[in-house]
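Let's take a friendly walk through this structure together. Have the sequence and the 3D view open as you read.

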Amino acid sequence: MASACRPWQSGHLLFLSGHIAKRDGAVWTGQLGKNMDTATGAQAARAVAIDLLGTLQAATGDLKRIKRMVKLMSLVNSTSEYTEQHLVTNGCSELLGE
């Protein structure tokens, strides 16, 4: 299910925000480096990508209208010792690249 956040459009650019990982319809909780590993974090990020695509589909009516993605920002909940945030975010960016 797509996020309830509404996209904002300026010219030919569409801005999305406010998406959070969900599993089985509930917020996917955990902290990387404490009670979640990198692979699980990447799965959570992939779930965010699916929601992003749902929001894009709803906003445009057709994902084929999307020509490119300019920027993806990811906030990763992790301990101060955890250093693989980029690998977690790859779960999202790799799905979007597909």
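A residue is called buried when its relative accessible area is under 20%, exposed when that area is over 50%, and partly exposed in between. By that scale Arg46 is partly exposed, because its relative accessible area is 35%. Keep in mind that you are looking at a predicted model.

Let's start with the overall layout. The protein contains 2 helices and 4 strands, and read from the N terminus the order of elements is β-β-β-β-α-α. Its radius of gyration is 14 Å, close to the 13 Å that the globule rule gives for 98 residues, so the protein is as compact as a globular protein of that length. Of the 98 residues, 29% count as buried. The protein exposes about 7100 Å², and carbon and sulfur atoms supply 53% of that area. As for how the chain meets itself, take the contacts between residues at least 6 apart in sequence: 61% of them join residues at least 24 apart.

Now let's return to Arg46 and look at charged pairs. How many salt bridges does a search of the whole structure find? The search finds 2. One of them joins Arg46 to Glu98, with the closest N and O atoms 3.8 Å apart. This pair links distant parts of the chain, since Arg46 sits in helix 1 and Glu98 in the segment after helix 2 (85-97), 52 residues apart. Glu98 counts as exposed, because its relative accessibility is 70%.

In another salt bridge, the side chains of Asp51 and Lys22 meet at 3.9 Å, N to O.

Which residues does Leu52 touch, leaving aside its neighbours within four places in sequence? They are Leu16, His19, Leu72, Cys92 and Leu96. Cys92 is 40 residues from Leu52 along the chain, and the C-alpha atoms of the two are separated by 9.4 Å.

Follow helix 1 (residues 38-60) onward and you come to Thr60. Thr60 is buried as well, because 17% relative accessible area falls under the 20% limit. A polar atom of the Thr60 side chain lies 2.8 Å from the backbone oxygen of Leu56. Not counting residues up to four places away in sequence, Thr60 touches Leu14, Arg65 and Ile66.

Finally, let's move to the surface. Trp8, Leu13, Phe15 and Val70 form a nonpolar patch there, and together they have about 460 Å² of accessible area. Leu13, one of these patch members, is found in strand 2 (residues 13-15). Leu13 counts as partly exposed, because its relative accessibility is 46%.

Key:
Residues numbered from 1 in each chain as written. Predicted model: local features only at pLDDT ≥ 70, side-chain atom pairs only at ≥ 80, totals over all residues. Heavy atoms only, no water. Patch = residues over 30% accessible without salt bridge, like charges linked within 9 Å, V, L, I, M, F, W, Y side chains within 5 Å. Areas by Shrake-Rupley, 256 points an atom, 1.4 Å probe, with all protein chains shown as cover. Salt bridge = Lys/Arg side-chain N within 4 Å of Asp/Glu carboxyl O. Buried < 20%, exposed > 50% of the residue type's maximum accessible area, 1.4 Å probe, protein only. Polar contact = N/O pair within 3.5 Å; in protein donor to acceptor, adjacent residues only side chain to side chain. Contact = heavy atoms within 4.5 Å. Rg over C-alpha atoms; globule rule 2.2 N^0.38 Å.
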